[in-house]
Amino acid sequence: MNAVPKPRVIVIGSGLGGFLSAAKLVQSGYEVEVFERLPIIGGRFTNTKYRGFSLSTGALHMIPHGPAGPLAQMLKSLGVDVNIVRSDPMALIRLPAKKGDTDYTNGYKDILFRDFSKPLSATNKLKITVLTIVTKIFPPKKGSLEEWFTRYIKDEWLVKLADSFCGWSLSLKGADIYTKEAFMIFSNLYRYSGPGIPIGGCKAIIDALADIITLNGGIIHTGEDVSGILVKDGRAVGVTVNGSKYTCDIVISNIGHIETNRLCMNIKTSGEYLQYLEQLKKIKPSAGVKICLAADEPLIGHGGVLLTPYAKRINGINEVTNIDPNLAPPGKHLAVSHQCVQWNKLNELEHEIDLGLQDIEDIFAGKKYEILLIQSHSGEWPVNRSASGFDVNVKNATPVKNLFIVGDGAKGEGGIEVEGIALGVANTMKMIL
């Protein structure tokens, strides 16, 4: 008897979403081939060496929900042997010191994230408690996070904190994140807890996934740009690369809905497809700036996040070398700040960076450090191809049969960054498998 041929899958892009999908399918008996246009694998989820420091190409060396979250669970199910160490504390919040404070530095005091309500008045603390209980029963569905809480509580502190948290974790302002998505994120935060650092950085995860793919017979191409997706009778049947055609049964794209749609050839217009195009118009990529710092002594002294709601632009900072010293040369520390860049500020990127550098001077006044690298993420190299909450209508399927989208352009609901990517991949695998 002739053996039944394995279903053939082509994956466009070797980022986290593409590699998670490829690893899962190749372990499930599918024939998998990955095409990556860059000469390296990992996209915005790997490391690049610079003066002995392991700097991330996009995502921070931090998994939002640490060893218990959706990404860690998926990696464990695939047999990926990467140690994700829980950050402790999860996060501190830096705010101006008040009269009577004793434990402060340069006029600022750090409090634990769980104590975020301390600066509120007694009345607003009571309102927060009541709202927390009410929203568990009647979750808000409309408007932005900022619109929701300012309707009940007028306090500048909550606006600044929302901007800092959302800017750090989502590269969005509190006024730009949908309330429903925000509350799903908060729910997951309490469900899975806070962040963790993958030992070896992002690259450790990507390299482990690459090993799974190749050891199970998958093929990974680098420096090979997919120029078109072949569509026949409303079904994806292959791709074109450098003038050559590669046929398959399923195409999985890690480059977002908009770019994937541009690659599709011979799509027949239908009501479903026109509706899909209207949904694509609502997608907005998120943008941000990372500033990488080198120091001989710890700058923040812990492996969690330092949220900075009173900074001009910086939303938060982490210092991964307090957990994984090997991400820097011996005796050195690596701290990385992140700041959200709003859509109306993209034409003023240099000014936004200058404001971030001023923040760094204020935050680390009196400490010695060096600016290693400034990385901007926008345009074709954004923070997210679709900002959190803006991709919920398109999800992971497309009007083209057997064409699926994974990655930061089609995240699962309530998933912060790479956790959202893992949730999106899980949704896609359910549809395929």
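# Briefing: pocket lining, aromatic contacts and strand pairing

Helix α6 contributes the most to the lining of the second largest pocket, with seven residues. The structure is a predicted model.

**Second largest pocket**

- The volume of the second largest pocket is about 780 Å³.
- Its lining comprises 24 residues, of which Thr132, Trp148, Phe183, Phe186 and Tyr190 are the closest to the centre of the pocket.
- Two or more lining residues come from each of the elements α3 (122–137), α4 (145–150), α5 (156–170) and α6 (179–192).
- By residue class, the lining of this pocket consists of 18 nonpolar, three polar and three charged residues.
- Trp148, Phe183 and Phe186, which are among the residues closest to the pocket centre, also belong to one aromatic cluster together with Phe113, Tyr152 and Phe165.

**Aromatic pairs**

- The whole structure contains 11 aromatic pairs.
- Tryptophan 157 and tyrosine 310 form a stacked pair, because their ring centres are 6.0 Å apart and their planes meet at 15 degrees, where stacking requires planes under 30 degrees apart.
- This pair links helix α5, which holds tryptophan 157, to the loop between β16 (305–307) and β17 (316–318), which holds tyrosine 310; the pair therefore ties together parts that are 153 residues apart in sequence.
- Tryptophan 157 has a relative accessible area of 3% and is buried, whereas tyrosine 310, at 31% relative accessibility, is partly exposed.
- Tyrosine 178 and phenylalanine 390 make a tilted aromatic pair, with 5.2 Å from centre to centre and 40 degrees between the planes.
- Tyrosine 178 is located in the loop between α5 and α6, and phenylalanine 390 in the loop between β19 (370–377) and β20 (403–405), so this pair ties together parts that are 212 residues apart in sequence.
- Tyrosine 178 is partly exposed, at a relative accessible area of 39%, while phenylalanine 390 is buried, at 12%.

**Charges over rings**

- Arginine 44 has its charged end over the ring of tryptophan 381, at 5.9 Å from the ring centre.
- Lysine 284 likewise has its charged end over a ring, that of tryptophan 343, at 4.4 Å from the ring centre.

**Open sheet with β12 and β14 at the edges**

- An open sheet is formed by four strands in the order β12-β11-β10-β14, with mixed pairing.
- β12 (244–247) and β14 (264–265) are the edge strands; each has a single partner strand, so one side of each lacks a neighbour in the sheet.
- Strand β11 (residues 235–241) and β12 run antiparallel and are joined by four bridges.
- Glycine 238 has threonine 247 of β12 as its bridge partner.
- Serine 244 also lies in strand β12, and it counts as partly exposed because its relative accessibility is 34%.
- The C-alpha atoms of serine 244 and serine 227 are 9.8 Å apart in space, and the two residues are 17 apart in sequence.

- β13 pairs in the parallel sense with strand β1 (residues 8–12) over four bridges, and valine 9 has isoleucine 250 of β13 as its bridge partner.
- β13 also pairs in the parallel sense with β20, over three bridges.
- Within that pairing, phenylalanine 404 of β20 is the bridge partner of isoleucine 252.

**Aspartate 354**

- Aspartate 354 belongs to helix α10 (residues 349–363).
- With a relative accessible area of 40%, aspartate 354 is partly exposed, since that class covers values between the buried limit of 20% and the exposed limit of 50%.
- Aspartate 354 and serine 14 are separated by 340 residues in sequence and by 33 Å in space, C-alpha to C-alpha.

Terms used: Residues are numbered from 1 along each chain as its sequence is written. This is a predicted model: local features need pLDDT of at least 70, side-chain atom pairs count only at pLDDT 80 or more; totals for chains, interfaces and linings use all residues. Side-chain values use heavy atoms; hydrogens and water are left out. On a 1 Å grid over the protein atoms alone, a cavity is a set of points where a 1.4 Å probe fits but cannot get out, and a pocket is an open set with protein on both sides within 12 Å along at least five of seven lines; lining residues have an atom within 4 Å of a point. Grid points are joined across faces, edges and corners, and a volume is the space filled by probe spheres set on the points. Ala, Val, Leu, Ile, Met, Phe, Trp, Tyr, Cys and Pro count as nonpolar, Asp, Glu, Lys and Arg as charged, and the others, Gly among them, as polar. Two strands pair if DSSP finds at least two bridges between them. Rings of Phe, Tyr and Trp (its six-membered ring) pair if their centres lie within 6.5 Å; planes under 30 degrees apart count as stacked, over 60 as edge-to-face and the rest as tilted. Buried means under 20% relative accessible area, exposed over 50%, partly exposed in between (1.4 Å probe, protein chains only). A charge sits over a ring if NZ of Lys or CZ of Arg is within 6 Å of the ring centre and within 35 degrees of the ring normal.
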